[in-house]
Amino acid sequence: METAAMLRHISSTSVVSSSILFRSSQGLLSRSSIFTLPKLHRLIPNPSKQSQLSLLRRHLRPISTLPHSFPIKRSLSPQAVATQPSHTSSDVETQDDVAEKLGFEKVSEQFIKECMASAVLYKHKKTGAQVMSVSNDDENKVFGIVFRTPPKDSTGIPHILEHSVLCGSRKYPLKEPFVELLKGSLHTFLNAFTYPDRTCYPVASTNTKDFYNLVDVYLDAVFFPKCVEDIQIFQQEGWHYELNDPSEDITYKGVVFNEMKGVYSQPDNLLGRTTQQALFPDNTYGVDSGGDPKAIPKLTFEEFKDFHQMFYHPSNARIWFYGDDDPKERLRLLSEYLGMFEGSSASNKSKVAPQKLFSVPVKIVEKYPAGDGGDLKKQHMVCLNWLLSDKTLDLETELSLGFLDHLLLGTPASPLRKILLESGLGEAIVGGGVEDELLQPQFSIGLKGVAEEDIQKVEELVMSTLKKLAEEGFDSNAVEASMNTIEFSLRENNTGSFPRGLSFMLRSMGKWIYDMDPFEPLKYETPLIKLKARIAEEGPKAVFSPLIEQHILNNPHRVTVEMQPDLQKASYDEATEKEILAKVKSSMTEEDLTALTNATQELRLKQETPDPPEALRSVPCLSLHDIPKKPIHVPTEIANIDGVKILQHDLFTNDIVYTEVVFDMSLLKQELLPLVPLFCQSLLEMGTKDMDFVLLNQLIGRKTGGISIYPFTSSVRGKKEPCSCIVVRGKAMGERAGDLFNLINCVLQEVQLTDQQRFKQFVSQSKAKMENRLRGSGHGIAAARMDAKLNIAGWTAEQMGGISYLEFLRALEEKVDQDWDGIASSLEEIRKSLFSRKQCLINVTSDGKHLTNSEKYVRTFLELLPDLTCGEANNWDFELSTKNEAITIPTQVNYVGKAANIYETGYQLKGSAYVISRYISNTWLWDRVRVSGGAYGGFCDFDTHSGVFSFLSYRDPNLLKTLDVYDGTGDFLRGLEMDNDTLTKAIIGTIGDVDAYQLPDAKGYSSLLRYLLGVTEEERERRREEILSTSVKDFKEFADAMEHVKEKGVVVAVASPEDVNSAGEDRRCYFQVKKAL
């Protein structure tokens, strides 16, 4: 099934969030994106999580919004190096002739209007490999090869193999060609990821030469990897026993092992895994393809090799090409690889059997690791889950289920979501609604933060609400709003920084991987028209009520999962692991222990020994001549309406108007800062005098593509005071621009901030989200805390999104009942302090016609704003202690940070700093923190606005050892030997980051941020010249700045109490300890 639900209409405090953003996956209307799939594992950590640390810091790096969905029909990046292929009749014949000569049989050819592309499905005659070749004028070219990889157990074979195949191959015999591509490519996407039943290897680039380099490395990696011959790769990426000295304890190490320990430390992830395995007890989804940390050490090297031999074969492959490159060249490159193989039975052996439906519902009770803060009896989770069908659904039913999901849960006003949250039975929603990335669709919904005695009440409320909706149907305004929201998203085709071609690939793969039609998921126009006509003719009740009754209410395949908090689970799991390892050690002889110690040292030596120059040269690389000398230019005109500056960006946007209305926040009192995120949410989720929030929400959905409101804070280089503002983002079709500005005005000025019960819900939801962030994104929490210790902008942001904010929320939860009048008064004071014409700046991105047309609506909007006299900016205090801090949570992995302001040393910013910091991440930290240290990720970030240089690790088994690696960075740079090829790669990779691919709305937003932070076009050009002229001398000189971080840096670790206590034994009084969960 391809068609799932829309992303929820949620307001967010994130600097890059939108209230209605549509993420792309294999579904026509999918909420489950590649960035959020709960059961998906990546080779490297989610780039969006890492980039949040520097998204608004690097004035050279364009800023992308979060991914929307569905590719648009046109691409505009100036990086194009290839032209659209000409599809004359003779050219098509030539292409067919070439395909025939290269051993490909054309199965089908279709024009896909939705992406303005010609798509040809081929079958390789010799092996049976299937190839989809999609040609259009999108310069952001995409390749992907996907294998069905159904596991039989939870040892994590598919996941470990996904990591391992990119660690060297036949043509590229170095340790990690993947890292060399990270260092020196212009890729717009480079990763790999494991689903429960398939493994995907996608790449993307706008540069044709670079694109084919990437494709060749990936093809050689999957078909001819070194890992099936070299057990040390399996040990490094999967698991191994580590023993540094025979007198010490044995430990487990391995990148995937530690990644999954982090996954299994998060309650929401445990809920998702328990749900999947309970819904699918009889097929491959009943085990964890990512790997259960308890099962991973049972995996043998022989099983690992056999799995590759069985499933990584062309007969089991689906291969995807997309973009403006030559379709004939695609087939030539593929034929070189596919021709080396004969046919195999892999495709038959990899088929996924459907799960038969239960005859009676099932209930599962599991435990999750909890901290001892708060009342444990009120920390239960309960989720109701249905397997919706045991048969393939027709496209109209899939589309209807996607609409139903959006109606039920897609916005704060959606009835199922609203009733659950307003019930007071829990703090936040769990369950993803309709999920469709697997063979059979499922539906999940529940609550977290539930009292033990209310578990049954939650179940009853879900069932009674669904029954009532089936009986009464949905409000006509809600249906219209959902229809507009979904259709807007499909027409916008906005995937953010995520390549459009990759979103199409994943969407197509949802059918194709199960031997169904790969074209069907790409064509939404016809089924959408039919569904709209059916709703108009029969009414929404006739369409949606039968779906609720058949697939949910009358469906016995229901699993209710209850997750109970357990104070002892984390320590029990650790103790069990140590007991197992103690038994392993006790069974060994002295000779065995010596051999294991030697093996540990040999593996570490291999990991830390650089590849020889000849091996490095085997990886193809661009030259500096391939790099544009000028930065990407975004057209910007600055107009003035009644004293307010209007930034206008004339770009093709498919008739959509994007706008940002920015208000200076510096007049706000310091004590009101922590209320700002909740204030932003209240504006979008409370009602006006004439409309309750449901009607307002529906009106926004009917008239626009969404409105979001959030605070933005950044340091400004050379200034002590930060740039702090409220950003209101919105988008609408050009003919609806007037509605968009009217609704923004309504939200800002007419919403009544008086609904005590809804505000209390917001507090509970925000607290639950922050606690979840602590467990899953501890590196972000650590980074925010370090910034808060080092500059005013960091302190300000942490008050609205870090540990300080979590502490504020916990206190506020009690205060809402005790002093609501005072809180409501504070919310109104925030509004009066912020929304003034004199504190306003407006940014608009669209084509010239719509920019001109929008001016009258902008003028009317400004006339309606209060014309208050500006007061003096408040001097916000900056008082966080600069002492090292350990924030303890129940977890099996750590997040370790260290940072300092290197401008304090007198360091003057040069473009080379971008090259150097990126190189440190991709070499020193990759090798020492990830490869030999076993962490899932290790990286650094340089905030060029504040001067803060940060080191961070992600899902890290170590703490002090990682800090020692950070402290060794200066010596690493001083001893660095770098040839011209290595330096060139580092420069090219940095330019690839700086020139990150952007859609028009993101270009306009990036230009706005540069304006706010005082970054001129002249400076951008100067920094680019400095990047291109970076020398080895620059690396050596940067060592002094790294020495400052070593000597003066502040440390923040989000870690387990056990690891913090152990660190305290080694370094007394090193940390101030703060218990967070």
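**Notes on the predicted model**

1. Helix α17 packs through its buried residues against α12 (395-409), α15 and α18 (540-553). Those buried residues are Glu525, Pro527, Leu528, Leu531 and Ile535. The model is a predicted one. α17 covers residues 525-538, and its 14 residues reach 20 Å from first C-alpha to last, close to the 20 Å expected at 1.5 Å a residue. Directly after α17 comes Gly539, with a positive phi near 90 degrees.

2. Helix α8 (residues 267-279) has 13 residues and spans 18 Å between its first and last C-alpha, close to the expected 18 Å. Ten of the 13 residues are buried, so α8 is largely enclosed by the rest of the structure.

3. Strand β26 (residues 948-954) has seven of its seven residues buried, so the strand is largely enclosed by the rest of the structure. Both of its faces are covered. On one side lie Val948, Ser950, Leu952 and Tyr954, and on the other Phe949, Phe951 and Ser953.

4. β26 has antiparallel pairings with two strands, described here in turn. Strand β24 (residues 895-901) is joined to β26 by five bridges, with Ala899 of that pairing partnered by Ser950. Strand β25 (residues 937-942) is joined to β26 by six bridges, and Gly937 stands opposite Tyr954. β25 and β26 form a hairpin with five residues between them. Within that turn, Gly947 has a positive phi of about 90 degrees.

5. Which residues touch the most other members of the largest nonpolar core? They are Phe143, Ile145, Phe178, Tyr201 and Trp320, in a core of 122 residues. Helix α5 (residues 208-223) supplies the largest share of this core, ten residues. A second, separate core has 88 residues, among them Leu675, Leu753, Val844 and Val948. Val948 also belongs to β26, where it is one of the buried residues.

6. The surroundings of Ile145 can be listed residue by residue. Leaving aside residues up to four places away in sequence, Ile145 touches Thr199, Cys200, Tyr201, Leu219, Val222, Phe223, Ala317, Arg318 and Ile319.

7. Most residues other than glycine have a negative phi. Asn493 has a positive value, near 55 degrees, and sits in the loop between α15 (476-492) and α16 (500-512). Its relative accessibility is 1%, so Asn493 counts as buried. Asn654 also has a positive phi, of about 60 degrees, and is found in the loop between β18 (644-650) and β19 (656-664).

8. As for the chain overall, there are 38 helices and 28 strands. The C-alpha trace spans about 80 × 65 × 65 Å along its principal axes.

9. Buried residues make up 66% of the chain. Of the contacts with a separation of 6 or more, 83% are between residues 24 or more positions apart. The accessible surface comes to about 36800 Å², with 49% of it belonging to carbon and sulfur atoms.

Note on methods. Residues are numbered from 1 along each chain as its sequence is written. This is a predicted model: local features need pLDDT of at least 70, side-chain atom pairs count only at pLDDT 80 or more; totals for chains, interfaces and linings use all residues. Side-chain values use heavy atoms; hydrogens and water are left out. Helices (H or I, at least four residues) and strands (E, at least two) are DSSP runs, numbered from the N terminus. The expected span of a helix is 1.5 Å times one less than its number of residues. Buried means under 20% relative accessible area, exposed over 50%, partly exposed in between (1.4 Å probe, protein chains only). A nonpolar core is a set of buried Ala, Val, Leu, Ile, Met, Phe, Trp, Tyr and Cys residues joined through side-chain atoms within 4.5 Å. Contact means heavy atoms within 4.5 Å. Accessible areas come from the Shrake-Rupley method with a 1.4 Å probe; for residues, only the protein chains shown count as cover. Two strands pair if DSSP finds at least two bridges between them.
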